[in-house]
Amino acid sequence: MTTTERPDLSWLDEVTMADLERNPYATYERLRAEAPLAYVPVLGSYVASTEEVCREIATSPDFEAVITPAGGRTFGHPAVIGVNGDVHADLRTMIEPALQPAEVDRWIDDLVRPIARRYLEQFENDGQAELVAQFCEPVSVRSLGDLLGLQDVESDKLREWFAKLNRSFTNAAMTSDGEFANPEGFVEGDEAKAEIRSIVDPLIDEWIEQPDDSAISHWLHDGMPPGQTRDREYIYPTIYVYLLGAMQEPGHGMASTLVGLFSRPEQLEEVVDDPTLVPRAIAEGVRWTSPIWSATARISTKPVTVAGVDLPEGTAVMMSYGSANHDTGRYEAPTTYDLHRPPLPHLAFGAGNHACAGIYFANHTMRIALEELFEAIPNLERDTREGVEFWGWGFRGPTSLHATWEV
Amino acid sequence: MTFAVTVGGRSVECDQDQALLDACLRAGVWMPNSCNQGTCGTCKLHVVSGEVDHGSSPVETLSDEERCAGMALACQARPRGDVELRPQGTSAARTANPLRDMVATVREISDIARDTRRILLGLNEPLTFDAGQYVELVVPGSGERRQYSLANTADEDKELELHVKLVPGGVATHGWLFDGLAAGDEVDISGPLGDFHLPPESEDDGGPMVLIGGGTGLAPLVGIVRTALRRHPEREVVLYHGVRGEDELYDGDRLTELAGQYPNFRFVPVLSHEPADGYREGFPTDAFVEDVSTARGWTGWLCGPPAMVEAGVKAFKRRRMAPRNIHREKFTPADA
Ligand SMILES: Cc1cc2nc3c(=O)[nH]c(=O)nc-3n(C[C@H](O)[C@H](O)[C@H](O)COP(=O)(O)OP(=O)(O)OC[C@H]3O[C@@H](n4cnc5c(N)ncnc54)[C@H](O)[C@@H]3O)c2cc1C
Ligand code: HEM
Ligand code: FES
């Protein structure tokens, strides 16, 4: 069906990147109501904002993956999130072995628990902490860093890298001519990548000669004929995918879950008292504030009609999972954190054949971290002298989270 | 009519009007359970396949949403056909002390404090239980069941010791246990029930413990504390007994004697409403907060009126005891 009467979406012309990064919800709420599939000028792209349209496109045979322009400018080609067919299949085959549930179950506890303990020991007797910088992000990056083979890269360096790559990847503003509106916004991402290469290149040199059990070493060797390794240029874009999203999002997920629980003290108490509720608390946390809010896209492979909108072949659509997870057609009072809401499947990890490859690893990393936090500090409270601010459109989470407890 | 109930790879027979939990426990298949009256939610589980009748599951414990999502309270639900269950957040199935129905004989009744009786019940066959568990008594004539904790250690398995507090107008206490019950009477009981007990000896590292009992909430702690000290005579153990006034205290001699035997055991009676010379004043949970600056690495045991147990959980967490180490037994009234 094609609608002849289109809603007046001229209000979208006023929307800026800064608005979206501060708080995308109002804009997307209006999009969901007026045009669940709409062209958003500042992004220079179509946007899918409801649960139904996101799910339809993400799982449609008439669409395939495409990286957003700013994402492509940041990661280069071939990044796993933006490729299809054999290349995508090869990259998934390369990364998946380390992330299979049965494999993750083998070592996740021994990997993450000591890391969480180590960071907790640094502040548990202080009676106060800023949990994003002192706990959520460090546990997130250290766990994945050690898995990848980056033991020698400091956690603070890994945090700095994902923050710089994030701002570059989401430097999405476009001019009406289809040019990047803020080309200088890519500079810090380029600097980060240069530093990454200066540190990871020598490691790769070593892994080529001396394979070990680290994930990147396996990426180089697995499935290759003896004596050959995957070309580093071929795997770097996917290394950047990891050094941004996979490093950053478990931290976002933990922090958002904590903010959500702090908004419901009785639910926080329930979860602290009964650690088996932690997984459910996290599921609601990433529904409530989806860490990958709007960072991936799909492109039509032929002319299609979606949500009453005709799209020619080759039309890119951004997947706004963070908006889909606030769809009032699916969730009652979606802006409220509620541990006990009917546990419907959400879209925080995406859908279709490009859905997140790290779901099991990420969920367990977050679970173990929060179990250790609540075990060490069962009397945790939000420090109400400090506010909590969320930031981000592509990736979203609290920028800081101050907590106190009696010692 | 009986059906097959499958849980964790084991299959047990369950009568159509028998609770799922009852059937599993009787067959030695463990699942989490605490109150056995539908009020605590510990036994909530997933019905993976098949249908159950929720019986008298209260909506406060099992919401409509949860019912739609396939959850049930094992202690209330009855099978409508063969069912498969998955306990929440449980891993390996542990074997439980099988639940049994027994006829016990009243051996002795003694008034030990204001409105408080000790009742000793003789058994024909020894009962296998863990110190801290409880039994259910059937109130003659009414068919009502009431729970009473065992003050015994596991080797005191032929004579059960109960501490019972009078509840004015209460069916079991006022109407029977404090009025009419006599030595020689036969009493229908079933047990053991509940998860308020120490870990198996092999998993008990002898770490420090604090126990707080309110009123007859002391009962299971008397069994637990003796078991814990026998396992690890050097361990640090503090037992608080909270009551309103001095004349509600009992078993003081027994516990003081224990303190003489075990150097790191302390017994602290606390009076909340009627101060008396030589006793701590206030609530036992506050006394704990005053006495213990950090409870990291401790395990905590709380038993008695629900409000006291709640206050105890808060006090323990305030002193940073890990919540999974906090054990609780609430004396929830049957009609709550
Ligand atoms: C797991 C478990 C273990 C228990 N162990 C013990 C034990 O070791 N010793 C012991 O004495 N009791 C114990 N109880 C409580 C006991 O099972 C009965 O609930 C209690 O004896 C009252 O029964 P009743 O039939 O006399 O009163 P009911 O007829 O059930 O109650 C009469 C009225 O009094 C109210 N009421 C009941 N109890 C109280 C109370 N404590 N304070 C104020 N109002 C009340 C009821 O709500 C009702 O309105 C335990 C309870 C549970 C759940
Ligand atoms: C809470 C943490 C995380 C969240 C919320 C999350 C979410 C997502 C989302 C929404 C996508 C895009 C899916 C789509 O376009 O449909 C994605 C892709 C991906 N994620 Fe995650 N992620 C998290 C952590 C991780 C971790 C820790 C790893 C790796 C260890 C990882 C690996 C990947 C990969 C490889 C992709 C690309 C998949 C593809 O395009 O085929 N993620 N993730
Ligand atoms: S509700 Fe079933 S054991 Fe408490």
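This is a short tour of a predicted model, stop by stop, with something to select at each one.

Before you start, residues are numbered from 1 along each chain as its sequence is written, chains are lettered from A and ligands numbered from 1 in the order in which they are written. Since the model is predicted, local features need pLDDT of at least 70 and side-chain atom pairs count only at pLDDT 80 or more, while totals for chains, interfaces and linings use all residues; side-chain values use heavy atoms, with hydrogens and water left out.

**Stop 1: ligand 2**

Now colour by secondary structure; helices (H or I, at least four residues) and strands (E, at least two) are DSSP runs, numbered from the N terminus.

- Arg92(A), through a polar side-chain atom at 2.7 Å
- Arg298(A), through a polar side-chain atom at 2.8 Å
- Val80(A), through a backbone N or O atom at 3.4 Å

**Stop 2: strands of chain A**

Stay with Arg298(A), whose bridge partner in S8(A) is Val317(A). Two strands pair if DSSP finds at least two bridges between them; S5(A) and S8(A) have four and run antiparallel. From strand S8 (residues 316–319) of chain A, step across to strand S2 (residues 45–48) of chain A, its parallel partner over three bridges. Ala48(A) stands opposite Met319(A) there.

One more step takes you to strand S1 (residues 37–40) of chain A, which pairs with S2(A) in the antiparallel sense over four bridges. Tyr39(A) faces Tyr46(A) across this pair. S1(A) and S2(A) form a hairpin with four residues between them, and Gly44(A) in the turn has a positive phi of about 60°.

**Stop 3: ligand 1**

Move to ligand 1, which 21 residues surround; the closest are Arg146(B), Gln147(B), Tyr148(B), Ala172(B) and Thr173(B). Polar side-chain atoms lie 2.6 Å from a ligand oxygen atom in the case of Thr173(B) and 2.8 Å in the case of Asp335(B).

**Stop 4: two sheets of chain B**

Select the antiparallel open sheet of six strands, ordered S11-S10-S13-S8-S9-S12. Its edge strands are strand S11 (145–149) and strand S12 (159–165), each pairing on one side only. For the sheet's strands, the twist averages 40° from one to the next (axes are lines fitted to C-alpha atoms, for helices over the stretch in contact, and angles run from 0 to 180 degrees between N-to-C directions). Inside the sheet, six bridges join strand S8 (residues 100–113) to strand S13 (residues 186–193), and Asp101(B) stands opposite Ser190(B).

The other open sheet is parallel, with its six strands in the order S17-S16-S15-S14-S18-S19. Strand S17 (280–281) and strand S19 (326–330) have a single partner strand each, so one side of each is left without a neighbour in the sheet. Five bridges join S14(B) to S18(B), where Ile212(B) stands opposite Leu302(B).

**Stop 5: backbone details**

Most residues other than glycine have a negative phi, and most peptide bonds are trans.

- His77(A) and Pro78(A) are joined by a cis peptide bond, omega about 0°; Pro78(A) is in the loop between helix H4 (69–75) and H5 of chain A.
- Gly191(B) to Pro192(B) is also cis, with omega near 0°, and Pro192(B) lies in strand S13 of chain B.
- Asp251(B), not a glycine, has a positive phi of about 60°.

Notes: A polar contact is a pair of N or O atoms within 3.5 Å; within protein, one must be able to donate a hydrogen and the other to accept it, and residues adjacent in sequence count only if both atoms are side-chain atoms. A residue is near a molecule or strand if one of its heavy atoms lies within 4 Å of it.
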